[in-house]
Amino acid sequence: MKYNIIQSLKELTTGWLILFILFNSSCTGSGVTNSRSVAFNSRAIAEPVPPDPDNERWIKIALLLDTSNSMDGLIDQAKSQLWKFVNALSGTSADGVRPNLHIALYEYGNDGLSSREGFVRQVLPFTSDLDLVSEKLFSLTTNGGNEYCGKVIASSLEELIWSGDNKDLQVIFIAGNEAFTQGPVSFQSAGANAKEKSVVINTIFCGSFDEGVSTKWKDGATLTGGSYMSIEQDRKTVYVDTPFDVTIDSLNNELNATYIYYGADGNSKLMNQSMQDANAELYGRANKIERSISKANGFYANESWDLVDAYNKKNIDFNKLKESEWPEILREKPMQERIAYIETMNKKRIQVNAQINECNIKRQDFILKSSGTASTDESLDGLMMRAIREQAGKKGFQFI
């Protein structure tokens, strides 16, 4: 009997003066768990500074998801909890500096995949483009197949560009519901390879805890010092509606208006941003709110297609952009006016981000008071954050 699975996957604005001014004006609206539990709070208090190019630290997360039959429920969890997971990561720092976040995505165990490749497919290599991660998650479908855990782990280790630095947090989350021992590659050899690359394997069995132990999912995690977890197949994400959601939703529209696309793919990336807003809302307004909060914070960065982010990253020479690469709204303007417009949108974004984050602080207070206790979330994002916190702490990462 099959259960279901897959996973889920922010710059708290600097400028505390803006936060202070907006504290009472912007929002007047009248982790952890399973495998045996810890709570986390996505509300941040002090923002780590942006990554330092000369002292970069990385969080690299590869998600290996079983897309065989009967896995729709957990795939839904992955889609609906991505932004909660990113929000929970947003306060991460190492020596006071925010690390870089890269996420990769694989699917396995689907009859629609190539048998020559062991029914394994790289859906997405490591990327910082969170909209693209969301898009690819929403593209996944299920079909019957053979679930080869050792093979998909081996493929991710061989095909992805891992950092090679033991100071970085490099983890695999593999989720499924069949025996961990199937396929042409043994999980023991895959685990040994992971250990050599300083990659930790975390396993999530979609079914009962004891069944996952007996089918070697726990052993698969133990090899690299990872966490073994089990999850209910059809658990639904529980969201709490708050008086601040309408305000955050409105601010999200203002935030979108500050994006200025550039380059050959810029306009399509801008449209995809709105598409992923709509995808998030398929699971309800509260899920879209989680995404809006992610967009207002440091891990959501789009310097490859947005002029404001590129301006802040200082990795673009505006004079080298072809006229065709500029958005139509700026093509007829002299360079001085173009840059002034980008700076205006940057200031607007700082202001809107501050308002969203201030609303979120009040929103988190409301949710905590409504539940009467800290969350003991046993859904996918809760499981993953429990493992991340434990493993990141061993490498000197801190969480707000």
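## Basis

Axes are lines fitted to C-alpha atoms, for helices over the stretch in contact, and angles between N-to-C directions run from 0 to 180 degrees. Helices are DSSP runs (H or I, at least four residues), numbered from the N terminus.

The model is predicted: local features need pLDDT of at least 70, and side-chain atom pairs count only at pLDDT 80 or more. Residues are numbered from 1 along each chain as its sequence is written.

## H2 and H3

Helix H2 (residues 72-89) and helix H3 (residues 130-139) cross at roughly 160 degrees, and their axes come within 10 Å. H2 is therefore roughly antiparallel to H3 (angles over 145 degrees). The crossing is right-handed (the near helix is turned clockwise from the far one by less than a right angle).

On the H2 side the contact (heavy atoms within 4.5 Å) is made by Ala78, Lys79, Leu82, Trp83 and Val86, and on the H3 side by Leu130, Asp131, Val133, Ser134, Leu137 and Phe138. These residues divide into eight nonpolar, one polar and two charged (Ala, Val, Leu, Ile, Met, Phe, Trp, Tyr, Cys and Pro count as nonpolar, Asp, Glu, Lys and Arg as charged, the others as polar).

## H10 and H13

Helix H10 (residues 285-295) packs on helix H13 (residues 335-371) at an angle of about 130 degrees, with the axes 9 Å apart.

H10 contributes Ala286, Ile289, Glu290, Ser292, Ile293 and Lys295 to the contact, and H13 contributes Asn353, Ile356, Asn360 and Arg363. Four of the residues in this contact are nonpolar, three polar and three charged.

Notes. Heavy atoms only, no water. Helix = DSSP H or I, 4+ residues; strand = E, 2+ residues; numbered from the N terminus. Parallel < 35°, antiparallel > 145°, perpendicular 65-115°, else oblique.
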